[in-house]
Structure formats: C-alpha cells, structure tokens
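Here is a short briefing to read alongside the coordinates. Please keep the viewer open while you go through the points.

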Amino acid sequence: MGKDKDAIKPLATGDRTIPPEGARMIPIYIMGREYQVPETLTVMKAVEYAGYRYVRGCGCRGGICGACATFYRFVGDYKLRAGLACQTVVGPGMIIVQLPFFPANRPDYDLENIDEGALHEELRRLYPEVFKCVGCGTCTRTCPMDIDVMDYIALMKRGDLKGAAQKSFDCVMCGLCTSRCPAQISQFTAAMFVRRLCGKYLMPKAEHLAKRVEEVKSGRYEKMLKDLTEMSEEDVKKLYVEREREPDMAEPGTWLPEDKEHL
Amino acid sequence: MSGYTREFKELIKRVEATRPARVEKARRGEHFPALTMSQRKEWLSAYHPDYKSEGRRAVAVGPSKGQVLPEEVAVLLESRSLLDPDRVSLDEADYETDVLVIGGGGAGTAAALAAEEAGAKVLLSTKLRHGDSNTVMAEGGIQCADQEGDSPYFHYLDVIGGGHFTNKPDLVAALANDAPLIIHWLEGLGMMFDKLPGGRMKVRHGGGTSRKRMHSAGDMTGAEIMRVIRDESRNRTEKIKVLEFSPAVELLTDGSGGVAGAVLYNIETKEYYVVRAKAVVIATGGFGRLHIQGFPTTNHYGATADGIVMAYRAGVELQDLDSTQYHPTGAVYPEQNVGLLITEKVRGLGAQLLNIDGEEFCFPLEPRDVESSCILRECLEVGKGIPTPTGRVGVWLDSPMIDILHGEGTVRKELPAKYIQFKRYDIDISKEPMLVFPTLHYQNGGLSINERCETTLKGLYAAGEVSGGVHGRNRLMGNSLLDVLVFGRRAGSGAAEYAKSLKQSPAPTLEHVRAFHRELEGAGIEDPVTGPVLLPDYAPEHVKKRQWD
C-alpha cells in the first residue's frame, strides 16, 4: 500500500502539464507581452504557465463550451487565425488574445407560439440580417469546430431550416464567427433558434414517448415503484440479479421481456 | 505534433500481435473473466482510492463530524468564511427575489425554469458564464424508460443495483418515474434527439443497464441539453434574471433553522451583494477541480465544491460524500489531453484494455469503481503499465478493434469528437490504440435531500451533482444528465411553492457563520483555510515565487 501511495503522487499532477524531456522554451506574446513557455503546452496551459489566473476565457477546458475563443497571429505572418485556447498548441512567435465576451444579436421569442407553417418567415422577422450575407466565407474559415458556417447561413436563406440545423449542430457557441462577420450576422444565435425550431417542429415526434408520458401521469408506475422502495435489500437484490436484459442487437421497440407485469 | 513516439510504436506492435486472437475470441462472445463478488471487494479495498487510508481523514466539525473524507474535501469543510460577520452589513438587500438559484448548469437552469413556471420571480447567480458546468461536457447520453419493453420499474432496478443498493429508494423512484416527463419536456423545447426516421428515439445500452434506454444527441448530449434549456431561460428574462461571474460565497439564514438568501461576490468588480430570498436552490455541481489525491479530472474549471462548503456551514447534512467516482478511462497521452474523458461507449463497442505486453488483464465492462481498481492494480502493483515520456503511466484501450468488429468507419461515426481530439495530435484512434488511466470524474454523494429536494435547512433545496443519495455509491452512465433535470425541476417547483407560503423573505443573519467559526476554534483547527475556493490555483512555482503579496 505504501508503495502505491508514492507511485500515485508523482503521476497525479492535478492539471499540470509535464513537458517532455528536452522540450525547448519558446517565446509567445500574450496580448503583446513576451513570455517564455515550454513547447507542447496548449494556449490555455501556456497562459497559466505565464502566471495568469483565468476568470473569463476558461470553461470546460475540453473543447465543448466555447468559453476560450482565441485569435492569434505568428510574428512575421499576416494571416489571422482563430481557435479554442484549450485545444490549440502554442508555437514560437504566437501572438495571442482571447475574446472574454462578444455581443451577439439574440431576440427573445416564444417557441410555443410560433406558426408552424411560417417558420421561415419567423426567421426572417427575428434575424433579417441573415439575408444580407455577402458570401465572403470568413465565418467558415474562422470556426474552430470545422463547421461550414456560410453554408448553413445559405441553407437558412433558402428555407432549408432542417439542413441548417444539422449543419450547425457541432457549434460550441464561441462567437468567433459573429465577431468577424462583415454583414453583422450573429450566426451562432440564429443557428440556436433554427435548431430549436427543427427539434420542435421539423423532426417527427416520438409517439412511444408521448404514450409513456400519459402512463406516467396516470400514476401507472406509482404503486410498483413504491413497493420497490419498501422492499428489503435481499428481495431487491434478487429481482436485480434475475432481471432480463434486452439483446444488444434488438431493433428499438420490437423486443418485449417475458415479465410483462411491470411494463 | 507527430503522433506516437518511436518507443510507443514499438510497444503498439505487441498489441497488434495479440489482436487477431483477441478479436476471434470476442467474435465468439468470450470475454476475459469478470471478477467474482468477493474478488471485487478485495480489489476495491486494495486499489480504489476511496478505500485507502492515506489522503483521507475524519472531518472535525459540523453535522457530519467524524466522517472520513478525502483530505481536500475535509480541509474545505473546516474552512472559515470569506466574510467577517462582524464587518458585513445585511441591513440593505441589493436584490430581493422569491427564489435564488445558485449555479448555472443543468440543474440550476432546470430549477429556474420550473420555478418560473410556478409563478416565482427567480434570480440565478453563477460563478462563470451561464452554462459553464459539468452538464455541458456530458456526452454518454440520458437514460429514460420510454420503450415498450421497458418501464420505470426496470430503470429503478438498474439504478439501485448499480449503486450497490446504497441509494435512497425514494430518490431512485423519483428519478425513474420522472424520466419520461423530462425527455418529453426536452423534446418540446426543441432538443434535437437522435431519432429514427419515423420519430422513434434511438436508444443504446450503457454500463449496468437491462434495457436500451440511453437517449442521445450526437456525441454532445449534455452540450445540446445545456444550450437548449439555457436558450429557453433567456426567453423568460422578465421573470428569470441571471447574474454571471457572481458566485455565492455564503448562505444567509433566518436564525431559526431556515434559509434567507445568500451573499454573492462579483469576481470582476470585487463587490459583495446581499440577496434576500424566500427560498434557495443550491446547484453548484461537483468537486473535480480539487484534484483529490492529485488526480487529473474531467470536470469543468469551476467544480470546486462551493455549495457543499456553504451548506455544511449552515448545518446541512451530507450523504455519501466520501464516495468518489473515478472514470477508468481518462486519456493519459498526449500530454495535452491528460484527464480527457474517453467515454465508456468505446468499451461498449468492444475495445479491450491491455497491458504493456499487449495482454488483457481485466473484463472491460466492470462497474466503474471496479474497472478503475483493475487498472490501478495493473499499473502500480503488477507493474505492467506503459510509461509515457512525461513520467505518467497508462494501459492501452484497443480502439482499432471497433472497426474490425463492426466495420470500417464505425469509430469515426460513433466517436466523432474523440476522433478529432486525437487526430489533432496525429493519432488515428481507428488504427492506433489510446493510452488511458483513471481520472477523477464524479461526486457520487453530497448534500442530503429527500425526493422533494429539501435539505435539512428549511427553504433550502439542492439538486444535481451537489446532492447525494440518488446514485448511492456508484453512478451509472446516463443517469447524471437525468438527475440534474429531474431534481432540478423538483427543486425549482418546490422552492417556488415554499416561497408562495411566505409573505416576505426572512430577515437575514450570518449567525450560523459565527457559530461555525466558534466550533472551528473549539475543535482546535490550526490555520484554517478560507472557503469556498471559487477557482483552482494553477500558478506554477516559478510564478508564485515572484508574487510577493
């Protein structure tokens, strides 16, 4: 036991990145000021290595929440690049800034009270600027999730809301696209609206779910669940061990257990 | 980045050498034998961090005095307030509300929506942005018994069996019963579930399930849930006000066993705000960023157990807080991905765990706590882990088996986010195995609640990862997203109803803090830290040396 305690501690470094042996120190510029950091760190870890403690600009640290939207250039290179700080590895001469926030247009709406037959009109009413897209493609080039943003805007313009919803699905709502759009479109908030329209009005409803909801509301499972809560541990264990398992390959909705008493 | 080093590529050859035989066995349905019940118990006691005496001690004060908890948690439960009660004026409230929700993740947002629907005026305060949470990172799916061959009865059995029968039965019944209502609610809010062409929900098995009931939205189920319910709360700005970057730092009590609101701290302007509320919902999530035993974590930046610290000081009892879930497969290479969650789905699709010789050493689908123990044993006692260039150790997770078993392209289709997260570093997980090691993942226990989410403090409700009892001492995949929404809504409705029963919010006091500080002194706690910590401290030594203040 003593052996693993010593073994675990050095391996368990919390969130600290250990650079490999022989890693060089490279210069990066955090908002213009030079810092020497070991190569192989992500921008986020490099910024913390330099001594910054994040308040804004840091969220899930795993590439899904969009908090760490980052712009950068390399010294000597005119190209403006964008990415997520937690997913982008630093390179020598990187000049970095993060977007702590970006104002996006987001009008309120009542999803329940939208005319199902006039969804495109509703989009036009709430986000008329979508229709002013000039097709420059900057948004697509900027997106850190490899989404073809210009394309989903084009689908929105054409009225293919389902297509736009599917195409924008991987969006982490970082706002980088919106910050760069010359037509002042807030792509990611328009896409959020369109995805909800799609989920509610354009995708077919799950009928088996609606049926189960009625059953739950009628109290169908109340007694059998109450009985379970009052059972001895021995009896529950027995039920647990003996319960049937749906085969992995069964088509959803086709398999039924032998014990139908509790369905 | 150039993928695996030459040394790794040599070791991977051993994996490739054993693979054909292993695949044949898998096709025949043969598995490495699972541990017997008594072997499970033995290995858990020997290798699982929860069972070690090092790094754990009895907490010296408060309602759960004497309970043995991880050191990092015990230290915070014995902390002093950030506030000095004698220098804080509670005479004027900066905000008055019916329901105060502390925490802006899945549970907090669900609570705010439910409270608003019940007619309450809601203030939601959150430490970072609205939506910054563990909810947003959950990927595996959300469980619900909505198929014809399933029912809440079987869901109940799966939950309580997975929790080793230590769960609170009423909470399990609530979780299983309410699940269909929640999924239906999400569908009505416009969530894009994975569905078959006619509208039927696509469902899968998870660890410990007897029915296929894992619902999903691509491989970002939690992110989709969070952005949908957050967007809905933004449509209700008249009744739901959100204060970002304003964590609560202390609860306010009414001097007679009830809650009266909280003190918030604006991290940016460094102002404190007094919030008077008739009811409070705590939904502050987990404790991964405390890095128990130094483990890396899958949790978001703000997971520092703030709600537990504040509620404990106010006398709220704990349930199973000593039980921590380590996800068996956190990435351990490349260094940039250390701690990243590699979903259980990978093993569900057939990938096996292998040691440095390319040999199996355990059944790949043991319950998470048992699986983690197996990996820790193989690396630290048997000594057959694979070392990394940065001094870490891991075992192989043989993901290339997935395409061989299910057809080329399966990995890219079923695990698109994981595929990208490794491709970035020139590792193609459909052709090369991943290197994994247990990572700190979930707070199984927390504040004690009943099925109405009431805590032992009147008017204080708790929901989500911050609470205990729902999952017992081991949570199943897909039940955490369900937990935050079922109990988030229950807490919100309960808080709204309670608020209606009061004419006005009680006069606030910090007397409970004074009493707690006296208890700390009485227990002889030398040099207590202040808590909650709010944000982890990742400043390296060379920086700290130069920070003279």
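A residue is called buried here if 20 or more other C-beta atoms lie within 10 Å of its own, exposed if 12 or fewer, and partly exposed in between. With that in hand, take strand β7 (residues 240-243) of chain B: Ile240(B) and Val242(B) form its covered face, while Lys241(B) and Leu243(B) form the uncovered one. In a regular strand the side chains alternate between the two faces of the sheet. Please bear in mind that this is a predicted model.

**Confidence in chain A**
- The mean pLDDT of chain A is 93, and 95% of the residues score at least 70.
- Residues 1-6 of chain A call for some care, as pLDDT stays under 50 there. For this stretch the model has 3 contacts beyond four places in sequence.

**Overall build of chain A**
- Chain A contains 11 helices and 5 strands.
- Its radius of gyration is 26 Å, whereas the globule rule gives 18 Å for 263 residues, so chain A is more spread out than a compact globule.
- Along the principal axes, the C-alpha atoms of chain A fill a box of roughly 75 × 70 × 35 Å.
- Buried residues make up 38% of the 263 in chain A.
- If you take the contacts in chain A between residues at least 6 apart in sequence, 58% of them join residues at least 24 apart.
- Three domains are assigned in chain A: domain 1 (15-98), domain 2 (111-202) and domain 3 (207-237).
- The centres of domain 2 of chain A and domain 3 of chain A, taken over C-alpha atoms, are 42 Å apart.

**A loop residue in chain A**
- Phe101(A) sits in the loop between β5 (94-98) and α3 (119-126) of chain A.
- Is Phe101(A) buried or exposed? Phe101(A) counts as exposed because it has 12 C-beta neighbours inside 10 Å.
- Asp146(A) is 45 residues from Phe101(A) along the chain, and 21 Å separate their C-alpha atoms.

**Where the two chains meet**
- The contact draws 82 residues from chain A and 83 residues from chain B.
- On the chain B side, α5 (152-162), α6 (169-188) and α7 (221-234) each supply at least two residues.
- Which element of chain B gives the most to the side that touches chain A? That is α6(B), with 11 residues.
- Sorted by class, the side of chain B that touches chain A has 39 nonpolar, 24 polar and 20 charged residues.

**Domains of chain B**
- Chain B is split into domain 1 (6-50 + 325-440) and domain 2 (85-139 + 218-323 + 444-500).
- The centres of these two domains of chain B, taken over C-alpha atoms, lie 35 Å apart.
- Where they touch, 19 residues of domain 1 of chain B are in contact with 17 residues of domain 2 of chain B.
- On the domain 1 side, the elements giving two or more residues are β12 (324-331), α10 (368-380), α13 (416-423) and β16 (434-443) of chain B.
- The largest share of that side, 4 residues, comes from β12(B).
- By class, the side of domain 1 of chain B that touches domain 2 of chain B has 9 nonpolar, 6 polar and 4 charged residues.

**Strand pairing in chain B**
- β7(B) pairs with strand β4 (residues 122-125) of chain B in the parallel sense over 4 bridges. In this pair, Ser125(B) stands opposite Leu243(B), a residue on the uncovered face of β7(B).
- An open sheet of 3 strands in chain B runs in the order β11-β17-β19, with mixed pairing.
- At the edges of this sheet are β11 (318-319) and β19 (467-468) of chain B; each has a single partner strand, so one side of each is left without a neighbour in the sheet.
- Strand β17 (residues 446-448) of chain B pairs with β19(B) in the parallel sense over 2 bridges. Here Ser448(B) stands opposite Gly468(B).

**An enclosed helix in chain B**
- Helix α8 (residues 306-313) of chain B has 8 of its 8 residues buried, so it is largely enclosed by the rest of the structure.
- Among the buried residues of α8(B) are Ile308(B), Val309(B) and Met310(B), along with Asp306(B) and Arg313(B).
- Following α8(B) comes Gly315(B), with a positive phi near 95°.

Methods. Residues are numbered from 1 along each chain as its sequence is written. Chains are lettered from A and ligands numbered from 1 in the order in which they are written. This is a predicted model: local features need pLDDT of at least 70, side-chain atom pairs count only at pLDDT 80 or more; totals for chains, interfaces and linings use all residues. The radius of gyration is taken over C-alpha atoms; the globule rule is 2.2 Å times the number of residues to the power 0.38. Two residues are in contact if their C-beta atoms, placed from the backbone, lie within 7 Å. Domain bounds come from an automatic or database domain assignment. Ala, Val, Leu, Ile, Met, Phe, Trp, Tyr, Cys and Pro count as nonpolar, Asp, Glu, Lys and Arg as charged, and the others, Gly among them, as polar. pLDDT is the predictor's confidence in each residue, from 0 to 100. Two strands pair if DSSP finds at least two bridges between them.
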